[in-house]
Amino acid sequence: MQNEKKVILDAKGLCKSYGKGEARVDALDNISLKIYEGELLTILGSSGSGKSTLLNSLGGMDKPDKGSIIVDGKDLCKMNDRGLTDYRRKNIGFVFQSFNLIAELTAKENVAMTADTGSDPEIVEKVFDMVGLKEKMKNYPSQLSGGQQQRVSIARALAKNPSLLLCDEPTGALDYETGKQILIELEKLVRKHGKTVVVVTHTQEIGKMSDRIIKMRNGKIIKESVNPEPVPAESIEW
Amino acid sequence: MRRMLFPIIKKYLKLLISIMLVSAMGCSIMTGLSSAYVSLEGSLNDYVTDYNYPDAVITTDITNRKNVSKLTAFDSVSKVNARLFGDSYIQSKEGRYLSVRFFTFNSDDEQKFHFWSKKDSGNKDFIYLEYNYAKDNNVTAGDTISFRLDQEYRDYFVAGIVSMPETLSVQPTDDAFGSNADFGYAYAPLSLLNKEYELWYEKESDELEKRQSELDKKLNDAKSTLSQSKSKLDEDKELLSEKQAQLLETYDETESEKLQSEIDKLENTVNEEKEKYQKDRDQILSSLENEQEELEDDRNDLENSESYDVLCDQFLIYFNEGADKKSELEKLKNVLEHDKISVLSSFTYEDSAVKKRIDVNLEPIETMSIFMPMIFFIIILIVVFMFMSLIIKQSRREIGILRALGFSKTSIKLTFCGVNLIVSVFSILLGTLVGYLLMRYVGDYYTAFFPLPDFTYSFNSGMYILSAVLTIITGQISTLISTGTISRILPSEAMSRPAPETAELPRLVEKITAGTSPMTKFSITTMLRNKGRFIFSVICISASVMMIFSSLAFITSKNYLLHQLYDERINYDCQIFFKEDPTDEFIKELNDLEFVTQVHRLPYYKADISYGKNSKSAVINAIDSNNDLVGVYDLNDTKLDIPESGIVLERHLAQELGAGKGDTVKIDGKEFKIAELSDQCISRVQYVSTETAKKLGDSTFGSVICKISEKDEQKLQEFLTKNNSYLYSVFTRLSYQSNEKIFKTYDLAAWIIIGFAIVIGLVIVINTAQTNLLEKKRELCVLRTLGFRHGEISLKWFVQSIFQFVFSCLIGLPSGVYIAKTALFRLSTEGREYVFANSFSEYVFTVLLVLLYIIVSHFIAMNSMKRWDLVESVKDKE
């Protein structure tokens, strides 16, 4: 099935290490993967497996030491800071573990700020609708619950209509129920709205809702599997 | 806890370097300026001592050197040198006539000169010229110049370019010279003056001999003439006797009658001749006797004349240690006056122009060395507090962990104090080095400025220790205050994420930011959440605006004075002063010179003007009605005509007298109506017509003004020095340059203050912008992650700088106006009123300059954002 879908990102031979000598850590060790349009991809791994480093590299936040990441015919690894900023601006939506909303701005303003940077932005009210928070648009982040903040964060990511949504432990800072709500939202984005979503998590169960699962350990991909029958997010227990 | 020190330093290295640099500035200013002051004071005092500047100086009429013994008879006096001085002219190599005051010296005096350059004169007659005078007139050792030491110009070899302490203050006196820049000191050996005396003596002797010869010739001629007359008389007498004898022997009546008639005629003739002879003889003898007497008197005067080596008119007195110089000086003066020696002036070293010049130049450095460090240390206190607070804020999690692990608040506070102490040590080292360089720079400047032969750099160790202690104390105080928040950090902060900031913004902020873009709102709220920092930055930038504006006010005020004097009032190129009014013939001669035009008399009076009980000394000039060379303007800048009767009084003087237009003042008992009030802020002069001036009687100085081009000035000088009544010339371009030179030193101070103001502004804006950035580092990195470009964030963040700029200008400009007006008022003296003359362009310049450094500071601060690690900054740290 993946073969029929368009490849929106093709990463080959990614290597990234930190430190020197005995303290050297290979966060990415010759990683290659493709991301297909409209899929829900989960990257699984325990702490220190390199999953966040991989996500940061795919998102243009960090440059690997070696390898290539081709998006729209351009190699991210060869871009300068301006080029990476433009790549993130036009193509990527980020969802952080700790939400990272601007406390001084309302939910609507947080989303509107990002919408202004997109070349084909969504209407702000529409994305709030997509995440089910239309009534909370005028609230400040401190007036929202953790789950609501994360949904605003998702709305912010969606506001510029990105081709790829990257989520780094989106449920990490949330309780079980709230986390599940977020997963349902992410699933909706893929199944209903056709977005491409990559979720990085250490929770195995979350992989069951994905179309494809990549397992990482010590900077390497140890297993890549296709999930022929993804489980609805509602049914997942962890 | 010691193990925490270096990780903290490593983590916040850039912030700590900023703290170090700011602290080093304070330390360097303090050590540098105070050391410069101590070095300069020491060097000047050494100069005065090493080169034997006298403890007191008495100037008298020309008197005999024997009077030295009267002074050395006092126990308090250790030594007295006597010398002659006089005012004359030098003709430079280019042919310019320069005024000079010369002083004699001889080997007995042990006169000490510092030689900047020296050449062996061989057998030639030589003089020394003072350093600045030689430099300004392009004279070097080895040159030959023409100098009128006594009666005539002679060529002298310049054997040395010298200075000594009295040359620290070379200034023309009020009575002898005006503001001609071509004035300086020369030093001539007494033997040179003696030579002049001998030449004069010889010349006078020759003249007397010549007169004697002429007198003798006259006597001989007179004798010859009288002898001829006597011969004729004798002949006639003989003839008369013969005729009388013939009469006695004649018995013929007719013959007798004829003879008697002839005898009568002859008798008359003889009587007449006798009378004439006697009269002529008496007259001639009397006249010749008078002439001989005069000649004898002149001969006696010549014989009694004293050579210059026995004369003096200045006593240089050296007291013994411990003497009360002022009271001893009074005693010495009394002794001289008792012997009918007229004392013209006297002063001790403490009251001398040299000491005044030293004090005037030391005072600003002393003041700056006290006040500038104070200002810097206040800034350091606040900047260190801001940065340490930021470090502590960013270390909340770590502090919470340490508290959770059982470390006390005190030990954590001491750790931060330890960090600051290490930074202070480096600040002191850097500050000491920079302070040393600053001391050298200031020292070099003043060495050239005075000039000083030797400058001893003495690093003020006491001040060094004090500045080191102050650097440490201010750092520790600021750190301790900023660590106050540590008491409120609970161990539970180790476990939990910090509580989000309150959502509610003040209504005013909501109002201000309504309608703005989210980025702009974020920028403004970040700024306004830290009210204290914002207010502090606005205060500092306002101070900077004030300093810039008020410094500009001084510069424009000075320009206004120069414009008023040299563009409006003085439209002539030269003013020539004479001892008395020059004759009409001389004026005609002057007029006939082809290189001089528009010659006008400008009689110069110095008199007291009184109104009621008030009286003020003033200068009055008399102007012809057809005189276009002098412009007199009123307060509205309208040119005034000088009325036929009455006086145009300068308005400041009128104010001081309490008089107004239409009132009548008195000058030397004569009444003059105030016809108009003029406005002059510098060198104020009153004006009357030449007709009205007749009431004033003889002018104090005769004066003439004219137009002349620069290239012809020396030709004019050549012409003028042949006139016995000629005093000196003031060339407008030179007096303008001289005034400008004085103002230049103040200009320099003004621009230094402007530079200092810009530095303060830069430091404050960069620090507050960087602090605001660092506080929102995470949010800004999130925005970068979301695709915001650096330029976009920078532009929106600039809104904060705009607010700072607007508020600072709103506060700083009116304050600057007030400070400027107050300062200018305090600087003003009776002869020079500094006017607030700032126009729209000064306001614009100030605003644009401040805006420029705010923009530059903003970009410097924003540049640091480029180096942030996005990944680390957006992570939720656990």
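What share of the contacts in chain A with a separation of 6 or more comes from residues 24 or more positions apart? In this predicted model, such residues account for 70% of those contacts.

## Chain A

Chain A contains six helices and 10 strands. Its C-alpha atoms occupy a box of roughly 50 × 40 × 40 Å along the principal axes. Of the 238 residues, 54% count as buried.

## Domains of chain B

Chain B is divided into four parts: domain 1 (1–51 + 349–496), domain 2 (205–292), domain 3 (506–571 + 733–878) and domain 4 (580–724). Domains 1 and 3 are each assigned two sequence segments. Taken over C-alpha atoms, the centres of domain 1 of chain B and domain 4 of chain B are separated by 58 Å.

## Contact between the chains

The two chains meet through 22 residues of chain B and 24 residues of chain A. On the side of chain B that touches chain A, at least two residues each are supplied by helix 13 (518–529), helix 20 (777–785) and helix 23 (870–874). Helix 13 of chain B gives the most, with six residues. By class, this side of chain B has 11 nonpolar, five polar and six charged residues.

## Strand 9 of chain B and its partners

Strand 9 of chain B, spanning residues 183–189, is mostly covered, with six of its seven residues buried. Strand 4 (residues 97–105) of chain B runs parallel to strand 9 of chain B and is joined to it by seven bridges. Within strand 9 of chain B, Tyr185(B) is the residue that Arg101(B) stands opposite.

Strand 6 (residues 126–130) of chain B also pairs with strand 9 of chain B, in this case antiparallel and through two bridges. Here Leu129(B) has Ala186(B) of strand 9 of chain B as its bridge partner.

## The surroundings of Leu329(B)

Leu329(B) lies in helix 7 of chain B, which covers residues 325–338. Leu329(B) counts as buried because it has 22 C-beta neighbours inside 10 Å, where the cut-off is 20 or more.

When residues up to four places away in sequence are left out, Leu329(B) touches Ala56(B), Ser346(B) and Thr348(B). Of these contacts, Thr348(B) is 19 residues from Leu329(B) in sequence, and their C-alpha atoms are 7.6 Å apart in space.

Conventions:
Residues are numbered from 1 along each chain as its sequence is written. Chains are lettered from A and ligands numbered from 1 in the order in which they are written. This is a predicted model: local features need pLDDT of at least 70, side-chain atom pairs count only at pLDDT 80 or more; totals for chains, interfaces and linings use all residues. Two residues are in contact if their C-beta atoms, placed from the backbone, lie within 7 Å. Helices (H or I, at least four residues) and strands (E, at least two) are DSSP runs, numbered from the N terminus. Ala, Val, Leu, Ile, Met, Phe, Trp, Tyr, Cys and Pro count as nonpolar, Asp, Glu, Lys and Arg as charged, and the others, Gly among them, as polar. Domain bounds come from an automatic or database domain assignment. A residue is buried if 20 or more other C-beta atoms lie within 10 Å of its own, exposed if 12 or fewer, and partly exposed in between; C-beta atoms are placed from the backbone. Two strands pair if DSSP finds at least two bridges between them.
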